[in-house]
Amino acid sequence: MDLFGLLYLDELSHGLANMSMFPYFDIAHYIVSVMALREQPGAFEVSRVSPLACWFSSMLYCFGGAVLSGIMLAEPPVAPLSNGTGVLLASIIWYLVFYCPLDVVYCCAALLPLRLVLSGMKEVTRTWKVLGGVTQAHKKYKDSLLVMIAIGWARGAGGGLISNFEQLVRGVWKPETNELLKMSYPTKITLIGAVLFALQQSHYLPLHKHHLMLLYTIFIVVNKSRMMLTGSSSSPFATIESVLYKTLFTGHSPYAALTGEVKKACIDDDRAERSTAITKESSENVSSGQQNGSLKAKEEPESADTPNSKKIN
């Protein structure tokens, strides 16, 4: 694209496309994944009761995408574990995060500046995983856009998609946490990336692969950093999702979908104003009642004194 040439981003996109993920980016991926597991309710207790179950859950967090995409392509699900170097590296990180003396590794990695860098590096690996899944599916199913999207999605967000199975390893059963019922932000952004790379691979998207990699990587890294710095968990596509849902799946018109949020906000404001007025009115009534009660209390002793004074006279 001429725009990339004008902004001198063409060389940057080529450099990003040729960048190796091993070992630094893979290490960041393993650290963030194992830390995410440790922060799950009950995971730390499981690590003390059954280290083997904890280790297996960690491997699912680290290699879940490759396992799920392999199953979908009728390949051995244990194939990702054949990478001895990666498994050894992930296992060392698992041990340090859960069992390091004085909890030094976890406490250091949990510091916001370092965790921000590690999370950004993990998001970079997401691009390679999604692209790798789409490319792998393209070799076997060249004309199937849906298969490419599904494999790319599974490869990039497999850890979340198989979360129910991972929870079973830890003795937890929460079917309501299924990612298909309520998608998290990583699952949504991975699905969008899979759609984009599949369209590009099928030549429906007039964009070079390395340019798309650069744009997608910048977007997910910047957005992830913004969410971590602001403490927000809301998706940047929440408004679009709401409009599409209300338009396509609830029978409302697009105009109603767009104005529904505004009307809801106005109704909420009116209710808030009414509740404030009622509260103010009730407080005024209580204060006036207290004043009337004090006046009556003063009048009663005076009326009681009057007959006594008459008897004395």
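Welcome to a protein with 14 helices and zero strands, where helices are DSSP runs of H or I with at least four residues, strands are runs of E with at least two, and both are numbered from the N terminus. This is a predicted model, in which local features need pLDDT of at least 70 and side-chain atom pairs count only at pLDDT 80 or more, while totals for chains, interfaces and linings use all residues. Residues are numbered from 1 along each chain as its sequence is written, and side-chain values use heavy atoms, with hydrogens and water left out.

Of the 313 residues, 35% count as buried, that is, under 20% relative accessible area with a 1.4 Å probe and protein chains only (exposed is over 50%, partly exposed in between). Contact here means heavy atoms within 4.5 Å. Among contacts between residues at least 6 apart in sequence, 71% join residues at least 24 apart.

The largest nonpolar core has 51 residues; such a core is a set of buried Ala, Val, Leu, Ile, Met, Phe, Trp, Tyr and Cys residues joined through side-chain atoms within 4.5 Å. Val34, Phe63, Val97, Phe98 and Phe197 have the most contacts inside this core. Elements giving two or more residues to it include H3 (24–38), H8 (112–140) and H12.

| Residue | In contact with |
|---|---|
| Serine 57 | Leu37, Glu166, Val169 and Arg170 |
| Phenylalanine 63 | Tyr30, Pro80, Leu81, Gly86, Val87 and Ala90 |

Serine 57 sits in helix H5 (residues 51–72) and is buried, with a relative accessible area of 0%.

Next, a pair of helices. The axes of H8 and H9 come within 7 Å and cross at roughly 145 degrees; axes are lines fitted to C-alpha atoms, for helices over the stretch in contact, and angles run from 0 to 180 degrees between N-to-C directions. Residues making this contact include Gly132 and Gly133 of H8, and Gly152 and Gly156 of H9. By class, the contact has six nonpolar, six polar and three charged residues, with Gly counted among the polar ones.

Finally, helix H12 (residues 209–230) has 22 residues and reaches 32 Å from its first C-alpha to its last, close to the 32 Å expected at 1.5 Å a residue, where the expected span is 1.5 Å times one less than the number of residues. Among the buried residues of H12 are His210, Leu214, Tyr216 and Ile220. Just after H12, glycine 231 takes a positive phi of about 70 degrees.

Technical notes: Lists of a residue's contacts leave out its neighbours within four places in sequence.
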